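Let's take a friendly walk through a structure, one stop at a time. Have the sequence and the 3D view ready, and look up each residue as we reach it.

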Amino acid sequence: MPTTATKAKASAAPTHHHSTPAISLQQVGKSFGDFEAVKGLDLEIRKGEFFSLLGPSGSGKTTVLRMIAGFELPTAGRIELGGQDVTYAAPFERDVNTVFQDYALFPHLTVAQNVEYGLKLRKLPKAERTARVAEALEMIQLPKVARRLPSQLSGGQRQRIALARALVLRPQVLLLDEPLGALDKQLREQMQIELKAIQREVGITFVFVTHDQEEALTLSDRVAVFNEGKIDQVGSPSDLYERPSTRFVASFLGNTNLIDGELARQLTGSPALLSLRPEHIVVRPLDSIQESGTSAATAVIEEIVYTGPTTRFMTRTDHGTQLIVQEQNGATSSGATRGSTVRLEWPSRYNYTV
Amino acid sequence: MTPKHHLAPGFPPFAFFAPTSKEDRRDSSAPAMTALKTPPDTAVTRTIPTTQGPRNSSLADKISRYLYIRPKVRVTGLLLLPLLWLGVLYLGSLALLFITAFWTTDSFTSKVIPAFTLENFTEILTQPAYQATALRTIGIALAVTVLSAALALPLGLYMAKVASPKMRALLAIGITLPLWAGYLVKVFSWRIIFSTGGPLDWLLAPFGASGPGYGTTALVITLTYQWFPYMAVPVYSAFRQIPVNLFDASSDLGAKSWATVRTIAIPLLKPAFIAGSIFTFSLSLGDYIAAQFVGGKTQVIGTVIASNINLNPPLAAAFGIVPIIVVVIYLFLARKTGALKAL
């Protein structure tokens, strides 16, 4: 059975570079009339990895997911699944399954019937279907709701049933379209942990669409950042966060100070745009000694915002550049006050040109 | 408390617009209007009304307040006319029909004799001609219903999920168009269509075929045309309420198009089909005009009633009860499916 083979290979080595990627997009484009939603995209997703498509709404990430699933057909390019051309294959011909944003559970079928739906279409014998449904419900820790209707479940439960319904078919690739978007913050964080655990357990390639940068960084092995129908950067979460390749990536992932003009020239010798993370900067007294390997700027603290675990300082350097500094509260607190003049200091390696 | 206005000579008597009673003063536009109309060069001393106490009510206010605190009076007032209509006109005439069904007629004078007898019912139940007519009518009503449903499904799918908004509006008008014309006009146009050597014969002649002529087939087609909107509209609106994601999900899980229609669309549309069928079925069951004009020799319950209404009203009444019973059974079955819960 090809699915078991895929599974074994994938779980054995999720980070190894196989010759055939799980998904390969080659110059894929999609236009809706005059609007070009996706522009000549190249992307390879490895077997067994948790891959996120991250971007603001309208950046084309969902369209890409829908083209992989087969709900939309590309207007240009080629899509391969496990080395096979599926560019124009129907959704029911592709060995991928989708978890929808609003779950898309069938309201007239019970939880068990929903999970069983795909198995029935594959004409599996009754005994195997029952066993696999039970197994799937066990995996998502909801074995007791089998006879209920979706309308009798909470949002978090529906989300898990949608996951079970897709995973029970053991696809090569699981596509998740903002699956946690409708959940409240606490439940979302809990589901993130579970999702990651399930992905490790089953070893299936997960392609996860989200506009939540924190979610993408938390969950993913690699992330593609979408911007206006194109991918700005693909990389591991730390690659993207610490070495953003474009201004868009720098500002979309977390907060950043974008430095140009005189201060940039002073720091790097060129006026090119710099990205500097607020938490990389420390506030030090003017009369302290600057440590080696650091960059520094003299600044006035204009505003202080206390957020609980951190304090944010809105500062203005003597070049007139506004810099935001984020400081952990606790032992290392600088205790700087509003209106005081301080020295901002950070390791020079964080001066990252974008 | 009356606002004072300084009237400049030559200005219209704008005090006419000024608040004259406390009621008016609550309307914030009124003072604003006077303020606007006040000439800017005149010194105006005004008191802005601020009273918030209970209003000095008009009669309408008093009635409203009275009704507000007496919900039962309110409901009675609301339903008085509909209840009169339902109780006296509607149920009254039904009761009269029911009673008449147990009466008899003098076979010589054709006068109705109000005496209790089960003769009419015995005749309907035992006479093979009457039995056949009743069954034929039910069969025609079922055929019309099935045909309407079969047409409404693909049309509803197209309108709700595929068509552009403009196309959707056009089709919605097209579907409801039969409801805009008079009943007789439509029946007559179908009579012309099915007539010997008429448009349908002419259209089919090149293929070596001819229309069905007046008869049961023509009757079923005509009735389907008449009552189709009552099936198409609920099916279409139910289709619109099915999230398109469900079809994507079904296809994603491995269902081909027909499997999706069979396992997702039809079960979710069941209430709409049943709601629509109540109309197509009962309206077809009660029809006699279409049967007379395009039915040829086909006898339905309606035509039998029509031909007996003058000669033997009690028999007509008894036969009239047959469709009522059939519809009651139909509604009971529909209720059992749970489809009426949405009503």
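Leaving aside its neighbours within four places in sequence, Thr260(B) is in contact with Tyr117(A), Phe247(B), Ser250(B), Ser251(B), Ala255(B) and Ala265(B). Keep in mind as you look that this is a predicted model. Thr260(B) has its place in helix H12 of chain B, which covers residues 257-286. Is Thr260(B) buried or exposed? Its relative accessible area is 9%, and buried means under 20%, so Thr260(B) counts as buried.

One name in that contact list, Tyr117(A), belongs to chain A, so let us follow it to the place where the chains meet. In total, 21 residues of chain A are in contact with 17 residues of chain B. About 1,600 Å² of area is buried between chain A and chain B, and carbon and sulfur atoms give 64% of it. Which three residues supply more than any other three of the area that chain A buries against chain B? They are Phe92(A), His108(A) and Tyr117(A), which supply 35% of that area.

There is polar pairing here as well. Between chain A and chain B, nine residue pairs are in polar contact, counting pairs with both residues at pLDDT 80 or more. The rule also finds one salt bridge across this interface. Its partners are Arg66(A) and Asp248(B), and their closest N and O atoms are 3.2 Å apart. On the side of chain A that touches chain B, helix H2 (61-69), strand E6 (96-99) and helix H3 (111-121) of chain A each supply at least two residues.

Now step back and take in each chain as a whole. Chain A has ten helices and 18 strands, whereas chain B has 15 helices and two strands. Of the 354 residues of chain A, 51% count as buried; in chain B, buried residues make up 36% of the 343 residues. If you take the contacts in chain A with a separation of 6 or more, 63% of them are between residues 24 or more positions apart. For chain B, the corresponding value is 65%.

Next, let us look at a strand of chain A. Strand E8(A) spans residues 205-210, and six of its six residues are buried.

Which strands pair with E8(A)? Strand E3(A), residues 50-54, pairs with E8(A) in the parallel sense over five bridges, and the bridge partner of Phe51(A) in E8(A) is Val207(A). Strand E7(A), residues 173-177, also runs parallel to E8(A) and is joined to it by five bridges. Here, Asp177(A) has Val209(A) as its bridge partner in E8(A). From E7(A), the chain crosses through helix H6(A), residues 185-202, to E8(A), and this β-α-β crossover is right-handed.

Further along chain A, the pairing is antiparallel. Strand E14(A), residues 294-306, is joined by seven bridges to strand E17(A), residues 341-347, and the two run antiparallel. Within this pair, Ser295(A) has Trp346(A) as its bridge partner in E17(A). Seven bridges also join E14(A) to E15(A), again antiparallel, with Ile304(A) opposite Phe313(A) in E15(A). E14(A) and E15(A) form a hairpin with three residues between them, and Gly308(A) in the turn has a positive phi of about 105 degrees.

In the loop between strand E15 (310-317) and strand E16 (322-328) of chain A lies Asp318(A). Asp318(A) counts as exposed because its relative accessibility is 57%, and the cut-off for exposed is over 50%. The side chain of Asp318(A) makes a polar contact of 3.4 Å with the side chain of His319(A). Asp318(A) and Ala297(A) are 21 residues apart in sequence, and their C-alpha atoms are 7.7 Å apart in space.

Our last stop is an open sheet of three strands in chain A, in the order E11-E12-E18, with antiparallel pairing. Strand E11 (257-259) and strand E18 (352-353) of chain A stand at the edges, each with a single partner strand, so one side of each has no neighbour in the sheet. Three bridges join E11(A) to strand E12(A), residues 274-276, and Asn257(A) stands opposite Leu276(A) in E12(A).

How values were computed:
Residues are numbered from 1 along each chain as its sequence is written. Chains are lettered from A and ligands numbered from 1 in the order in which they are written. This is a predicted model: local features need pLDDT of at least 70, side-chain atom pairs count only at pLDDT 80 or more; totals for chains, interfaces and linings use all residues. Side-chain values use heavy atoms; hydrogens and water are left out. Buried means under 20% relative accessible area, exposed over 50%, partly exposed in between (1.4 Å probe, protein chains only). Helices (H or I, at least four residues) and strands (E, at least two) are DSSP runs, numbered from the N terminus. Two strands pair if DSSP finds at least two bridges between them. A crossover is right-handed if, with the strands pointing away from the viewer, the path from the first strand over the helix to the second runs clockwise. Contact means heavy atoms within 4.5 Å. Buried area is the accessible area (1.4 Å probe) that two parts lose on being put together, summed over both. A salt bridge is a side-chain nitrogen of Lys or Arg within 4 Å of a carboxyl oxygen of Asp or Glu. A polar contact is a pair of N or O atoms within 3.5 Å; within protein, one must be able to donate a hydrogen and the other to accept it, and residues adjacent in sequence count only if both atoms are side-chain atoms.
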